[in-house]
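Hello,

Here is the structure I promised to pass on. My notes follow below it.

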Amino acid sequence: MKIKVGVIFGGTTVEHEVSIISAVQAMNHLNKEKYDVYPIYIAKDRTWYYGEMLKDIDMYRDFDTLKRYAKKVILYNKNGAFRLQSLGLFKTVVADLDIILPVVHGNNMEDGTIQGYLEMVGVPYVGSNVLGSSLGQDKVVMKQIFSSLDLPIVPYVWFFDSEYYLDKEAIIKKCNKLGFPVIVKPASLGSSVGITYVKSDKDLEKAIEEAITYDTKVIVEKAVENLVEVNCSVLGNYQNQQASNLEEVMSTAEFLTYQDKYLGGKGKIPTNSSKGMVNTNRIIPARLDEKTTNEVKEKAKEVFKALNLSGVCRIDFLVDGKSKKIYINEPNTIPGSLSFYLWEATNKPYEQLLDEMITLAIKQYKQKHQKTYSFDTNILSNFSGGKGLKGKLK
Ligand SMILES: Nc1ncnc2c1ncn2[C@@H]1O[C@H](COP(=O)(O)OP(=O)(O)O)[C@@H](O)[C@H]1O
Ligand SMILES: [Mg+2]
C-alpha cells in the first residue's frame, strides 16, 4: 500500500508564492510508486483547498479559476484517522492521510503555527516540531540561545516598537554603539522583507520605522564586512545530523534582497519547477578553504541540534572574507525548495531526500508516541469540592 502524503503549502505569509513554487517542486519529486500525493493549498484568506490540478504551477496564475475547480477541505481527527474532507453541501472524504509534508515559508506558517495545528490533529508530519520551528523564526531568541552556547553571532541590539516610541533617543544611542554599517530587520519575517542596510546614523530612524511596520520586535545587527554568504543544509534529528555541501550566494545589492532571491532581478516567477528554487546566483561548492568549509558544516550541525530541529534545515552563515571569521545568520527550518539543490550537489537526488525526510518523520512519530504523555487516573472523579454534579446532569 502506498503512503498517503498531504503536502500543505501557501498560507497567510509574505512568502506565500515562494511556498507554492517549493511545494510544486516537492510534489513532482515524490516517488509515485511509494506515495500518493494530496496537494493541500491554503489560500491567503486561510481557506484550505484540495485538487489534483493544484500540482500544476499554472493553476496559481488566476485565483478565480482555482477556486472554481479546487474543493474546499478541512483536515481533522476522525476516530484516530487523519481525515481530509471536503466542505459544502456534499461532504466527501478525500482521503485518510498517513503523513503531512509542510512546505510553507515564513511567519504564521513555518514558525510553529502549522506544526501546532498538526499536533492538535495528531497527524505525523515531516520536519521540526513546534518549538524548533518557532525558534528558527525569531532572530532575537535564536541569538540568545546561540550566545548561551558560545556559537558565533554578530553583535546586535533589539527592542520592541513601544520601547522605541517611548524613548527613541536611548534606542538610537544603543544602535549607534554597534558602529556602522548595520542591518535593521523585523525580528521574525523572512525573504529580506522589511530589511535595510544602513551606512550612517542619518538613515537609521527611517530603517527602524520600516522594520516596525512589519513586526513588534526589531533587531539591529552589526553588518559583516567583506561579506561572503554561505549556506549549509542539515538533514537529521537530535540523534544524527548530516551536512550538505555549501553554496555561496551572490547578491546584486549590499545584501540579498527579495528580488535577488526569487525574481532574478526581472520580476518573473520561475514556472519551470524542475529548475531549482530561484534565480539567486549561487556557486556550489562555496569558494571557501577546506578549514572554513568544515567549520561551517560543524557549526551548522551544532545549530541544528541546539534548536532540536528535524528533517531538513538550511543554516545560513555570514563570513568575513578577509578575516575568515564565520557568523551564524539564521536557520531556515523549511528552506526554499527544501534546499534540494544542495543535496543534489552532495550526491543525494531530490527523490531520495524526500524519502529520507519522510522515513525520519515516521520514526520520530513512533518514538514520541512511546513516551508517556497521559495518566489514566482521573483526578476529577475523586474531586469532592463544591456541590459536585448533583442537579446539573438531568
Ligand atoms: N549582520 C549582517 N551583515 C551583513 N549582511 C547581513 C547581515 N544580516 C543580514 N545580512 C544580509 O541580509 C540578507 C537577509 O537577512 P536575513 O537575516 O537572512 O533575513 P531573512 O530572514 O529575511 O532571509 C542576508 O541574506 C544578507 O545578505
Ligand atoms: Mg535569510
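From which domains does the lining of the largest pocket draw at least three residues each? They are domain 1 (3-125) and domain 3 (227-366), with bounds from an automatic or database domain assignment.

First, the ground rules. This is a predicted model, where local features need pLDDT of at least 70, side-chain atom pairs count only at pLDDT 80 or more, and totals for chains, interfaces and linings use all residues. Residues are numbered from 1 along each chain as its sequence is written, chains are lettered from A and ligands numbered from 1 in the order written, and side-chain values use heavy atoms, without hydrogens and water.

Now the pocket. A pocket is an open set of points on a 1 Å grid over the protein atoms alone, where a 1.4 Å probe fits, with protein on both sides within 12 Å along at least five of seven lines; lining residues have an atom within 4 Å of a point. The volume of the largest one is about 500 Å³, counted as the space filled by probe spheres set on the points. Helix α12 (350-370) gives the largest share, 7 residues. Helices are DSSP runs (H or I, at least four residues), numbered from the N terminus.

Last, the cysteines. There are 0 disulfides, meaning pairs of cysteine sulfur atoms within 2.5 Å.

Best wishes

Key: Helices (H or I, at least four residues) and strands (E, at least two) are DSSP runs, numbered from the N terminus.
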